[in-house]
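Hi,

Here is the structure I promised to pass on to you. Have a look through it first, and then read my notes on what turned up.

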Amino acid sequence: MANKVIAVVFMFIVVVAAQQVQNAVAQDQEEDSSFKERFQVCFNECQDQCTRKGHGSTFCEMKCDADCGAKEAAAKLGFKLGD
């Protein structure tokens, strides 16, 4: 009888743990898509401004990738860069 109780408790723990993992993965994917959208908006605006200033596309791509990547990393770490 004790073995059955232990087996039921163990199965309950496994089910609860699986649900928690699933919730964490879903939340992480939601946050990741939010950062990707913000990066894309940042990159496109930066690229437009940079090319309007007469810089080449390679320069603008590298500059905007670095700038927006730094902003994305700062946002994920919870602080804001001074612009």
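Helices here are DSSP runs of H or I with at least four residues, strands are runs of E with at least two, and both are numbered from the N terminus. Glu72 and Lys76 form a salt bridge, with 3.7 Å between the closest N and O atoms. By salt bridge I mean a side-chain nitrogen of Lys or Arg within 4 Å of a carboxyl oxygen of Asp or Glu. Lys76 is partly exposed, because its relative accessible area is 47%. The cut-offs for that are under 20% relative accessible area for buried, over 50% for exposed, and partly exposed in between (1.4 Å probe, protein chains only).

Before you go further, please note that this is a predicted model: local features need pLDDT of at least 70 and side-chain atom pairs count only at pLDDT 80 or more, while totals for chains, interfaces and linings use all residues. Residues are numbered from 1 along each chain as its sequence is written, and side-chain values use heavy atoms, with hydrogens and water left out.

The salt bridges

A search of the whole structure gives two salt bridges. Side chains of opposite charge can pair when their charged atoms come close. Besides Glu72 with Lys76, Lys63 pairs with Asp67, and there the closest N and O atoms are 2.9 Å apart. Lys63 and Asp67 are four residues apart in helix 2, so about one helical turn separates them. Lys63 is partly exposed at 34% relative accessible area, and Asp67 is partly exposed at 33%.

The overall picture

The protein has two helices and zero strands. Of its 83 residues, 13% are buried. It exposes about 6,800 Å², and carbon and sulfur atoms supply 60% of that (areas by the Shrake-Rupley method with a 1.4 Å probe; for residues, only the protein chains shown count as cover). Among contacts between residues at least 6 apart in sequence, 40% join residues at least 24 apart, where a contact means heavy atoms within 4.5 Å.

The disulfides

How many disulfides does a search of the whole structure find? There are three, a disulfide being a pair of cysteine sulfur atoms within 2.5 Å. Counting bonded cysteines along the chain, the pattern is 1-6, 2-5, 3-4.

Take Cys42 and Cys68, whose sulfur atoms are 2.1 Å apart. This pair links distant parts of the chain, from Cys42 in helix 1 (residues 2–52) to Cys68 in helix 2 (residues 57–77), 26 residues apart. The link is left-handed, with -80 degrees about the S-S bond, and both Cys42 and Cys68 are buried.

Next, Cys46 is joined to Cys64, with 2.2 Å from S to S. Here too the pair links distant parts of the chain: Cys46 is in helix 1 and Cys64 in helix 2, 18 residues apart. The torsion about their S-S bond is about -80 degrees, so this disulfide is left-handed. Cys46 counts as buried at 10% relative accessibility, and Cys64 is buried at 0%.

That leaves Cys50 and Cys60, with sulfur atoms 2.1 Å apart. Cys50 lies in helix 1 and Cys60 in helix 2, so the pair ties together parts that are 10 residues apart in sequence. The torsion is again about -80 degrees, so the disulfide of Cys50 and Cys60 is left-handed. Cys50 is buried at 4% and Cys60 at 0%.

Two phenylalanines

Phe35 is in helix 1 and, at 13% relative accessibility, counts as buried. Leaving aside residues up to four places away in sequence, Phe35 touches Glu72, Ala75 and Lys76, which brings us back to the salt bridge of Glu72 and Lys76. The C-alpha atoms of Phe35 and Lys71 are 9.9 Å apart, although the two are separated by 36 residues along the chain.

Phe12 is also placed in helix 1, but it is exposed, with a relative accessible area of 58%. Phe12 belongs to a nonpolar surface patch with Met1, Val5, Val9, Ile13 and Val16, and together they have about 630 Å² of accessible area. Patches are made of residues with over 30% relative accessible area and no salt bridge; like charges are joined within 9 Å, and nonpolar side chains (Val, Leu, Ile, Met, Phe, Trp, Tyr) within 5 Å.

The start of the chain

UniProt, in an unreviewed entry, places a "signal peptide" at residues 1–18. Its positions are in the numbering used here, feature names are shortened, and annotations may be inferred rather than shown by experiment. Over residues 1–18 the model is 94% helix and 0% strand, with the end C-alpha atoms 26 Å apart.

Cheers
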